[in-house]
Amino acid sequence: MFPEVAQCLKTAAPLFSQAVLLKDLRRLSAHGGARCLQARRHFGVSRCLTAKVPPTPKPREKVEIPGLEMVTYGERMHYVPGLAKPTYPPWEKDYKDPRHYKAPPTHEMPLYKEKPCYVYNQRTSALEGVRQALWLTKTKLISGLPPQLLSLAEDPANQIPDQDERVQNAIKHARFWDTTEQRPGKEKYSNTLLFNLLHLCATLQPSHPAIGRRILAENYSLAATWKRGEDLFQIRGQNGLLNNCMDPLPEVSGKQEVGDTADHVLETFYPVSPTIDLQKVHVYKEDVNSSGFREGYPYPHAHTLYFLEGADARCKLRPEQFRAKMVMFTFGNALARAHQLYGSEPQRVLDRPITVQAVGTNGRFFQFLVFQLNTTDLSGDDGVKNQLWLDEDVTLYDFAKVRPLIKKKQVKVPAGLAGYKPETFSKFLALYLHGAV
């Protein structure tokens, strides 16, 4: 019976004063218990007590009478009561002022097109994560890293002297020694740890001279265009740190394995659209393909991309969306290189597949992937597919505590580094040595 009484009170609220309504509501709450008190919170007792935004006033309609000139104070150069406000034509400057630039309407821009283009950038959070990235790139997913890559780090000749001790010191430097704060932020120690591990891997250059044919590039801009079905897609933006090489990476799969991917059926996620969460634009260039470096750059081949999960403070991606970003930008680097080598026309099977690797981390968890681009004909679901090897959520250590974790007078986690896993760094080292052994 209470909802009917509340509806009557709400209807009659404008007719009663605020004090009368509050008195009635107290009497109802005394008989209704907690149920009435919960409903009482939603009553709009008075307009001034509600959180409604007042409606914007409508501008006064200007009446123009033909043949009648309005008397204004424009000639007097100051405000005069009783005279109308003058209206002046918009001032068009005879020079370009970038501070007061007014863009033309979208449909009047020279690059405007009726057909939309779906753009993936470094801040895109794809709803379906890796599954959506696999469909967009026409890729077959293989769990785990290729065995021939993992065997590179198992050879004692490819290992660093005192490897485990030096890796643990690198972790301690990032978590404990490289800060004056009591607890460093994730953005700081993840970046420090990544560069420490890269520095450790670079110490193998005397025994592996091919490592000296690489260079690190940061904040480069990538652009790649492809068609998937009837839709046009582009990937643009800056992904982070790129390890470039003079020589391309060898392909991971042979021709027989590449041909067997034609039988693979791509996973769909109907009724969710594959273009969900992608930026839809109508102003764009159609054939935009750039690796971010000028022609003649001595390190044209992308070797490994390194991603930091907390690099962009204004964009926080969940782990699944972070892995999708890694897949898309790895594919974009491979596709941009393929367009430079084979042209922008779709190729059903590349003569030499293009391999690009990626490593992502948040300072503790690592994501490893290897992408092999076998085809640039991505319009249909049939034919040869691209290949992706993914090893996700691999921990380098369990805990790095400044103070011990004590519960019920027992030390659960000691202070310092605990739970170091050497096999995680072996995977990191294996991807770094790929192409140099």
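These legends describe close-up views of side-chain packing in a predicted model. Local features need pLDDT of at least 70 and side-chain atom pairs count only at pLDDT 80 or more, while totals for chains, interfaces and linings use all residues. Residues are numbered from 1 along each chain as its sequence is written, and side-chain values use heavy atoms, with hydrogens and water left out.

**View 1. The aromatic pair W226 and F331.** Rings of Phe, Tyr and Trp (its six-membered ring) pair if their centres lie within 6.5 Å; planes under 30 degrees apart are stacked, over 60 edge-to-face, and the rest tilted. The count by this rule is 14 aromatic pairs. In this one the ring centres are 5.0 Å apart and the planes stand at 80 degrees, so W226 and F331 are edge-to-face. W226 belongs to strand β4 (residues 222-228) and F331 to helix α8 (residues 319-342), so the pair ties together parts 105 residues apart in sequence. Helices (H or I, at least four residues) and strands (E, at least two) are DSSP runs, numbered from the N terminus. W226 is buried, with a relative accessible area of 5%, and F331 is buried at 0%; buried means under 20%, exposed over 50% and partly exposed in between (1.4 Å probe, protein chains only). Y118, W226, F233, F331 and F371 form one aromatic cluster.

**View 2. The aromatic pair F425 and F428.** This pair is stacked, with 6.1 Å centre to centre and 15 degrees between the planes. Both residues lie in helix α9 (residues 422-433), three residues apart, about one turn of the helix. Both F425 and F428 are buried.

**View 3. Charged side chains over tyrosine rings.** A charge sits over a ring if NZ of Lys or CZ of Arg is within 6 Å of the ring centre and within 35 degrees of the ring normal. The charged end of K113 is 4.9 Å from the centre of the Y284 ring. R214 lies over the face of Y432, 5.1 Å from the ring centre.

**View 4. The largest nonpolar core.** A nonpolar core is a set of buried Ala, Val, Leu, Ile, Met, Phe, Trp, Tyr and Cys residues joined through side-chain atoms within 4.5 Å. Of the 43 residues here, Y120, W226, L305, L369 and L373 touch the most other members. Helix α8 gives the most to this core, with eleven residues. Contacts of L369 (heavy atoms within 4.5 Å) include M326, V327, L388 and W389. A second, separate core of 38 residues includes A174, F366, L417 and L429.

Definitions and conventions
Lists of a residue's contacts leave out its neighbours within four places in sequence.
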